[in-house]
Amino acid sequence: MRTVLVTGPGGAGRTTVAAATALAAARGGHRTLLLSADAVTGFPGATEPTEVTEGLRFARIDSGEHFRTELLALQDQASAVLDLLGGNRLDGEELTELPGSSQLALLHTLRRAAAGDWAQGGCDVLVVDLPPLREALAVLALPEQLRRYLRRLLPPERQAARALRPMLAQLAGVPMPAQWLYETAARRDAELASVQALIEHRGTTVRLVAEPGPAAEDTLRTARTGLALHGLRVDTLIANRLLPRHSGDPWFADLAAQQEKSLDHWYEEWTPAASLCEVPHLGRDPRGLDDLALLGATSGRTVSGAAGAGAGLFADDRPAVGPDARPEGRAGDPWWIEDLDAPGGRDGVLVWCLPLPGAVKEELQLVRRGDELLLTVGPFHRIVPLPSGLRRCTVSGAALADGVLRVRFAPDPGLWPRTS
């Protein structure tokens, strides 16, 4: 299954382009499922996949319903504790969702899609309408972060010592976590792992939708680094709502010239690693399948700027690459290790190469803590485990050049002794 994650600066027509992408995939012969938390004009509003047209189904993500279902289930699990404390249980009718519930509902929906819960008749293409760009990056990073928190708070290896819990409780003077807590943590970890696998799969790409202009340029330039930091691959940048380039109206001509200037910058920054697709303004809000089909049949330009026929908003043979593309021949890993000296790196220096296009040295922080590397690039932060070979090394330096952060590691003689 190919997964297309659609996001971009707010107000750029992201949901409409996601729907047009899904329709283009369906009309290309692919069984397609579109997921969105927003309503799409002319599409059914059901939370279960419902057929829109031949080959295309749509499901709306209902964060409020998901919040109520999860909280009521948690009450049932903790019923014994609540009864002991004399707590009054909440009814579903009085529950209103809290901030952050929309992100969890999105992850839950992605898990169901990854697990094949909606695989009636099969699904070739999954198109997901994500929140605006900044929030989308946080959501896509959430499975990895939550799994790390679970491992730190409830280490799986402690579950093996459950027979010793009564004795440990006496020694510590406090009750040990109940078995149901470990079981819940293990179940949640498995669910998050399936979502993380979907996000990191080589068949998953990010599609950015933006209306050309100075504000969008700044947002995309910053987000480009964040996408690379989290190993997310951009396949297409869609320039949406383009005005006619030749107009007798001076007001429209000035706006079109501003859009053209931004487009030139995007072609320089994003191509040829990612495609750039130009979508014209219809002169009205898109409504119905016919308008979506018009958007899906648009074409882009070549890198040189000459007009050329493009593949539209969806092409099944488009390579899954981007500014942070995974190098070929490196087992699909976006980050790779280079050995600067001896084979195996026992006597030489190992360099961990992390592509971070757009990163600025002054906004870059790097901290080694145990077997993890703490990376901060501008407003983005990520904690990643070190590859097994680098855990036996010490950091000897780092340098940022040509959009790639190279972290040097020297083997620790105490952990990686020399051979005689």
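Two strands count as paired here if DSSP finds at least two bridges between them. With that in hand, let's walk through this protein, bearing in mind that the model is predicted.

If you look for Val206, you will find it opposite Val234 in strand 7. Strand 7 itself spans residues 234-242 and is mostly covered, with 8 of its 9 residues buried. In general, strands of a sheet pair through backbone hydrogen bonds, either parallel or antiparallel.

Now step back for the overall picture. The protein has 10 helices and 15 strands. Of its 420 residues, 43% are buried. Among contacts with a separation of 6 or more, 66% are between residues 24 or more positions apart.

Val125 has a relative accessibility of 2%, so it counts as buried. Thr32 is 93 residues away from Val125 in sequence, yet the two C-alpha atoms are 4.7 Å apart in space. Leaving aside residues up to four places away in sequence, Val125 touches Met1, Arg2, Ala25, His30, Arg31, Thr32, Leu33 and Phe314.

For a contrast, turn to Glu93, in the loop between helix 3 (79-85) and helix 4 (101-114). At 75% relative accessibility, Glu93 counts as exposed, because the cut-off for that class is over 50%. Its C-alpha atom is separated by 8.6 Å from that of Arg68, which is 25 residues away along the chain.

Next, find a hairpin. Strand 3 (residues 50-53) and strand 4 (residues 56-60) run antiparallel and are joined by 3 bridges. One of the pairings to look for is Glu51 with its bridge partner Arg57 in strand 4. The hairpin has 2 residues between its strands, and Gly55 in the turn has a positive phi of about 85°.

Strand 12 covers residues 372-377 and is joined to strand 13 by 6 bridges. Within that pairing, Thr376 has His381 of strand 13 as its bridge partner. As a general point for viewing any such sheet, side chains in a regular strand alternate between the two faces.

Helix 8 (residues 214-229) packs with helix 9 (residues 250-270) at an angle of about 15°, their axes being 10 Å apart. Angles under 35 degrees count as roughly parallel, so helix 8 is roughly parallel to helix 9. The crossing of the two is right-handed. On the helix 8 side, the contact is made by Pro214, Ala216, Glu217, Leu220, Arg221 and Arg224, and helix 9 brings Gln258, Ser262, His265, Trp266, Glu269 and Trp270. By class, the residues of this contact divide into 5 nonpolar, 3 polar and 4 charged.

Finally, look at another pair of helices. Helix 1 (residues 14-27) and helix 10 (residues 288-296) pack at an angle of about 85°, with axes 8 Å apart. The two helices are therefore roughly perpendicular to each other. Helix 1 makes the contact through Thr16, Ala19, Ala20, Leu23, Ala24 and Arg27, while helix 10 uses Leu289, Leu292, Ala293, Leu295 and Gly296. Here the residues of the contact comprise 8 nonpolar, 2 polar and 1 charged.

How values were computed: Residues numbered from 1 in each chain as written. Predicted model: local features only at pLDDT ≥ 70, side-chain atom pairs only at ≥ 80, totals over all residues. Heavy atoms only, no water. Axes fitted to C-alpha atoms, helices over the stretch in contact; angles between N-to-C directions. Helix = DSSP H or I, 4+ residues; strand = E, 2+ residues; numbered from the N terminus. Parallel < 35°, antiparallel > 145°, perpendicular 65-115°, else oblique. Left-handed = near helix turned anticlockwise from the far one by under 90°. Contact = heavy atoms within 4.5 Å. Nonpolar A, V, L, I, M, F, W, Y, C, P; charged D, E, K, R; others polar. Buried < 20%, exposed > 50% of the residue type's maximum accessible area, 1.4 Å probe, protein only.
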